[in-house]
Amino acid sequence: MRRPPLTTGLQPLLAAAQGPAAVVAAVRGAERTVLCRGPVGEGTRFETGSLTKTFTALLLAELAARGEVRYGDRADRYLPFRLPGPPLTLLHLATHTSGLPRLPPGLLARAVRSGWLSNPYAGFSESDLLTSLRRTRLRHRPGSRVLYSNFGGGLLGHVLARAAGGTGSDYPALLAERVTGPLGLADTDCDPNRPQATGHWHGRPRPALLMPGLAAAGAVRSSARDLLRVLAALLDPDTAPDPALRTALAEVQRPRLSVPRTGSRLCLIWNLRPRPGGALLHHSGGTRGFTAFAGFLPGSGTGLVALTNTAPTPLAPFVQAAYGALRGLDAGPPGPCGPLGYET
């Protein structure tokens, strides 16, 4: 079957975006297309929410490729205190099997005081992260269940920064040194003060997201241009500039466990859905003002990015539409698919 042009598959997705502005982009082999709506372009920065965790996973794999950490290392090996109970490893944090709750204890109460409706993470610091960790009781034994956790994603970035010889707050600098810099991602970082699109929540403009204590879980901003570059590197890891990063790009795609009753698998953060023509890997994210999706199919060299400057709505129809569009780019018009797990 002859596959439709990329533009044909992207136009309905662009129309489905509910925000004032959106960018959708795709790569398929040598083809590359970016479509924009509103006052944005392919270099406009959007908050990516939990898509940040895919960058954190790549950083973990890069450090592991260099031998600076091992996936089976206890997280508290790099913390100033020992965690009680069974070992909680870096791999547990990168596969949402740590047993940590979705959010750190105390964050919600602090957010109500500091701005739950505007910037819920702004008052939660790196120090608060460690204090919460001391107070946390795991929901299950590490490695025994999948439980999505922003707490775990934020802790992973904190631990990696310490493992590399810095402090937990050095995550943005380490990400720039090891991942975004080598890949040439000029638009991608955790800086809330650089120009970016204005987010919207229920039609109202939102301030830029602040996440000082959980940066590795959701603070990355990026553009369609940069995210397409990341997908191109994932589709062809040999194009990366150094051996450790080439290894890391392949490692994040390797399935680590099966998710019960779903047919899906978890890689390092990336969700994987087996398909007759090859695996489809995807992740999404949302903040109080933005929704983001990225996915790719290594077997066909196809990848898709979808960004809009409005917060996710119930059932995440924009994310669902992006997933369907990606399937359509790979094999013709998309058929029905089951609901996706949505991460924010």
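Student: Which strands form the open sheet, and in what order?
Tutor: Eight strands form it in the order β2-β1-β12-β11-β10-β9-β8-β7, with antiparallel pairing. Strands are DSSP runs of E (at least two residues) and helices of H or I (at least four), numbered from the N terminus. This is a predicted model: local features need pLDDT of at least 70, side-chain atom pairs count only at pLDDT 80 or more, and totals for chains, interfaces and linings use all residues. Residues are numbered from 1 along each chain as its sequence is written, and side-chain values use heavy atoms, leaving out hydrogens and water.

Student: How do you know that β10 and β11 pair?
Tutor: Two strands pair if DSSP finds at least two bridges between them. Six bridges join β10 (residues 280-286) to β11 (residues 291-297), so these strands pair.

Student: Why is α2 called oblique to α10?
Tutor: Angles run from 0 to 180 degrees between N-to-C directions, with axes fitted to C-alpha atoms, for helices over the stretch in contact. Under 35 degrees is roughly parallel, over 145 roughly antiparallel, 65 to 115 roughly perpendicular, and the rest oblique. The axes of α2 and α10 (residues 243-251) cross at roughly 130° and come within 8 Å. Therefore α2 is oblique to α10.

Student: Which residues make the contact?
Tutor: Contact means heavy atoms within 4.5 Å. Among them are L58 and A61 of α2, and A244 and L245 of α10.

Student: What makes a set of residues a nonpolar core?
Tutor: They are buried (under 20% relative accessible area, 1.4 Å probe, protein chains only). They are Ala, Val, Leu, Ile, Met, Phe, Trp, Tyr and Cys, joined through side-chain atoms within 4.5 Å. The largest such core has 80 residues. Its largest share, eight residues, comes from α2 (residues 52-66).

Definitions and conventions
Buried < 20%, exposed > 50% of the residue type's maximum accessible area, 1.4 Å probe, protein only.
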